[in-house]
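Please look over the sequence and the model before reading on.

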Amino acid sequence: MEKIDLPNSPFSLFEQWFDEAKKNNSIGIPECFCLSTINKDGCPDSRILLLKGCRRDEFVFFTNSLSTKGQDLRDNPNVAMNFYWEPLGKQIRVQGVVEKLDDVESDTYFSMRPRGSQIGAWASNQSEAIPSREYLENKVVEFTQKFEGNEVPRPAHWFGYSVKPSKIEFWLNKIDRLHDRFIFTFQNDTWVTSRVSP
Ligand SMILES: Cc1cc2nc3c(=O)[nH]c(=O)nc-3n(C[C@H](O)[C@H](O)[C@H](O)COP(=O)(O)O)c2cc1C
């Protein structure tokens, strides 16, 4: 792939590669990406999440906003995302800023989750220390009983974030480590592309 073949928007290329990953049977969870955040002391942290949407010009994921990552995002909205699909030899790196998704979109997504996951969102104070596995299981029983016969509402602290990217890099494995790397940078309301050395 030459630079001249690059589309104007990185999102169409993202979708092309993501579709390829979804069609590849040897990739178990193509939606997996590593999200890196920075806490209030400037220390980085990272963890695997699932991409739940790539639409318009943003990426969407869901989590507990009181978790470690949620606190990081409150203190510093700058994030990095990294996708790597080994069988395709493809990596995508994203830098951007998160925003809270609106409540209606978070409600819609939450309502589509399996009931067990909905209960889990109430039972788990994500990233908080707990005394035992039993403690967590008791919480699940407690919330299962609490919501019995009713829809499980979305906890206010559990919602979606959208990442608005400022930079996206596409990396393609090539022989002798002479990989292709293309960078899209958002400048003056437009995406500027460049090829960089591997
Ligand atoms: C395959 C996989 C998918 C995951 N997806 C999510 C997700 O979409 N949202 C989420 O909050 N945690 C997800 N997790 C758990 C996170 O990696 C992490 O343990 C959790 O969010 C707590 O992170 P924190 O303490 O940094 O906030 C996933 C873990 C794995 C291994």
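## Elements around the ligand

Which strands and which helix each supply at least two residues of the shell around the ligand? In this predicted model, they are strand S2 (44–50), strand S4 (58–64) and helix H2 (68–75). S2 gives the most, with four residues.

The shell itself consists of Cys32, Arg47, Ile48, Leu49, Leu50, Phe62, Thr63, Ser67, Thr68, Lys69, Gln126 and Ser127. By residue class, five of the shell residues are nonpolar, five are polar and two are charged.

A polar side-chain atom of Lys69 lies 2.7 Å from an oxygen atom of the ligand. From the backbone, an N or O atom of Leu50 is placed 3.2 Å from a ligand oxygen atom. Phe62 has a polar backbone atom 3.0 Å from a nitrogen atom of the ligand. The ligand taken alone exposes 620 Å², and the protein buries 64% of that area.

## Strand pairing of S5, S6 and S7

Strand S6 (residues 90–100) pairs with strand S5 and with strand S7. S5 (residues 78–85) and S6 run antiparallel and are joined by eight bridges. Within this pair, Tyr84 stands opposite Gln91 in S6. The hairpin of S5 and S6 has four residues between the strands, and Gly89 takes a positive phi near 65° there.

S6 and S7 (residues 158–172) also run antiparallel, with 11 bridges between them. In that pairing Arg93 stands opposite Glu169 in S7.

## Val60 in strand S4

Is Val60, which belongs to strand S4, buried or exposed? Val60 counts as buried because its relative accessible area is 4%, and the cut-off for buried is under 20%.

Which residues does Val60 touch, leaving aside its neighbours within four places in sequence? The contacts of Val60 are Leu50, Leu51, Lys52, Gly53, Arg55, Leu101, Tyr161 and Ser162. One of these, Leu50, is also among the residues around the ligand, and its backbone supplies an atom 3.2 Å from a ligand oxygen atom.

Val60 and Val163 are 103 residues apart along the chain, yet their C-alpha atoms are separated by 6.3 Å. S4, the strand that holds Val60, is also one of the elements that supply at least two residues of the ligand shell.

Key: Residues are numbered from 1 along each chain as its sequence is written. This is a predicted model: local features need pLDDT of at least 70, side-chain atom pairs count only at pLDDT 80 or more; totals for chains, interfaces and linings use all residues. Side-chain values use heavy atoms; hydrogens and water are left out. A residue is near a molecule or strand if one of its heavy atoms lies within 4 Å of it. A polar contact is a pair of N or O atoms within 3.5 Å; within protein, one must be able to donate a hydrogen and the other to accept it, and residues adjacent in sequence count only if both atoms are side-chain atoms. Accessible areas come from the Shrake-Rupley method with a 1.4 Å probe; for residues, only the protein chains shown count as cover. Ala, Val, Leu, Ile, Met, Phe, Trp, Tyr, Cys and Pro count as nonpolar, Asp, Glu, Lys and Arg as charged, and the others, Gly among them, as polar. Two strands pair if DSSP finds at least two bridges between them. Buried means under 20% relative accessible area, exposed over 50%, partly exposed in between (1.4 Å probe, protein chains only). Contact means heavy atoms within 4.5 Å.
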